Amino acid sequence: MALRVGVVGGGQLARMMIAPAVELGVEIRVLAEAEGMSASLAATSVGDYRDADTVLAFARDVDVVTFDHEHVPQPVLHALVDAGVAVRPGPDALHYAQDKLAMRARLDELGMPQPDWASVSDEDSLQAFLDDHGGRAVVKTPRGGYDGKGVRVVSRASDAADWLSAGAPLLVEELVEFTRELAQQVARRPSGQVVAFPVVETVQRDGVCAEVIAPAPHAGDRLTEAAARVGTEIAEGLGVTGMLAVELFETTDERILVNELAMRPHNSGHWTQDGAATSQFEQHLRAVLDLPLGDPASRAAWSVMVNILGGPASDSLDARFAAAMADHPDAKIHTYGKTPRPGRKVGHVNAVGDDLDDVAYVARSAAARFLD
Ligand SMILES: Nc1ncnc2c1ncn2[C@@H]1O[C@H](COP(=O)(O)OP(=O)(O)OP(=O)(O)O)[C@@H](O)[C@H]1O
Ligand SMILES: [Mg+2]
């Protein structure tokens with residue numbers, strides 16, 4: 001009988017696991033939040049991932065449970081483990097992707113390079129941090145942030161008054177002077193095998209990932225090895241199973257610092273679908289099933305991924321899709337089956353080849369076909 005993977009969450013990450021599951025002969029089932037979601041092709045259940053009974057019922061018919069997102073509450077995760085379900089990544093690892101304060105404390109223990117940080121619960125302690133760090137800092141809500149929501153640059157403690165008044169501690173970090181942002185992905189199996197993908201450069205606009213270049217340009221052996229080592233040590237130190245993405249800053253003095261973690265396939269790895277020997281979605285399935293991992297190496301000198309955000313205001317996505325295909329037969333256009341809304345990720349374009357300028361041009365101009 002085929003191995004069965006259950007994915008909690010019906011977003012585009014679950015959707016993009018479907019094709020490799022079919023190719024691997026793995027049965028994939030999705031617990032979607034609602035009808036008609038991105039991964040509805042494989043949605044065998046619709047229900048609330050915060051409800052233990054719903055998730056337990058879903059888990060009964062699969063060999064392993066994994067995730068499209070990190071929002072499943074700890075009590076639900078523990079209920080699965082207590083019921084004997086294989087949960088990958090497990091609750092103890094996921095905790096560090098759910099709570100940025102817990103992540104910072106644990107990464108300090110592991111000796112990972114990080115920005116200066118503190119936990120602050122009132123304006124006085126935030127002001128003290130600001131005074132020690134040149135008068136500017138980044139304040140983050142430890143839980144529930146995404147796409148830059150829950151991240152704020154402050155220069156006065158009162159700038160975070162609204163968040164502090166909610167009563168929970170906030171994470172404050174030094175404002176890192178970075179030359180660029182990078183991401184390191186690794187996959188880890190429960191039995192221990194770890195493989196590292198090439199380190200990539202990520203470009204964010206308005207706090208959202210806009211573009212990824214793989215490998216990161218001018219990444220010499222020292223940077224490549226340092227990033228892979230950080231990714232591997234975090235995966236092992238936290239006991240991550242499946243895909244781990246480590247968002248990094250490359251600083252003006254040529255250090256790398258950990259920004260945050262994601263324990264699932266990640267936007268920084270969409271290039272692997274067309275640019276790597278093994279895609280992050282296939283690798284995630286292999287890792288959570290404890291199957292031997294695939295080769296993470298690039299298949300071409302360069303890969304560029306450009307997100308399609310928002311989408312058409314005037315004509316339909318289908319019309320744009322055909323136009324982009326006609327103009328750029330060499331681009332790989334991926335769509336998520338989502339209704340376009342301003343700023344919403346509705347797809348991405350991958351291009352691969354030998355010349356970075358050409359590859360970036362193809363990916364950018366095909367993605368631009370979807371914008372007004
Ligand atoms: N300490 C920092 N110094 C400078 N810039 C930062 C710092 N922390 C975050 N940023 C900027 O804000 C962006 C979003 O921060 P972060 O990744 O923590 O938030 P998020 O909303 O959880 O992210 P995502 O969009 O990946 O879900 C970063 O990609 C980076 O550009
Ligand atoms: Mg981030």
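Strands are DSSP runs of E with at least two residues, and helices are runs of H or I with at least four, both numbered from the N terminus. Two strands pair if DSSP finds at least two bridges between them. The model is predicted, local features need pLDDT of at least 70, side-chain atom pairs count only at pLDDT 80 or more, and totals for chains, interfaces and linings use all residues. Residues are numbered from 1 along each chain as its sequence is written, while chains are lettered from A and ligands numbered from 1 in the order in which they are written.

**View 1. Strand 6 and strand 7 run antiparallel.** Four bridges join strand 6 to strand 7 (residues 151–154). Lys-140 has Val-151 of strand 7 as its bridge partner.

**View 2. Strand 6 also pairs with strand 8 (residues 170–174).** This pairing is antiparallel and has four bridges. Val-138 is bridged to Glu-173 in strand 8.

**View 3. The shell around ligand 1 holds 19 residues.** A residue is near the ligand if its C-beta atom, placed from the backbone, lies within 6 Å of it. Val-138, Gly-145, Tyr-146, Glu-173 and Val-176 are the closest. Strand 6 (137–140) and strand 14 (256–262) each give two or more residues to this shell.

**View 4. Ligand 1 lies between domain 2 and domain 3.** It has this position because domain 2 (116–174) and domain 3 (178–368) both give residues to its shell. Domain bounds come from an automatic or database domain assignment. The protein chain also has domain 1 (4–87), and 34 Å separate the centres of domain 1 and domain 2, taken over C-alpha atoms.
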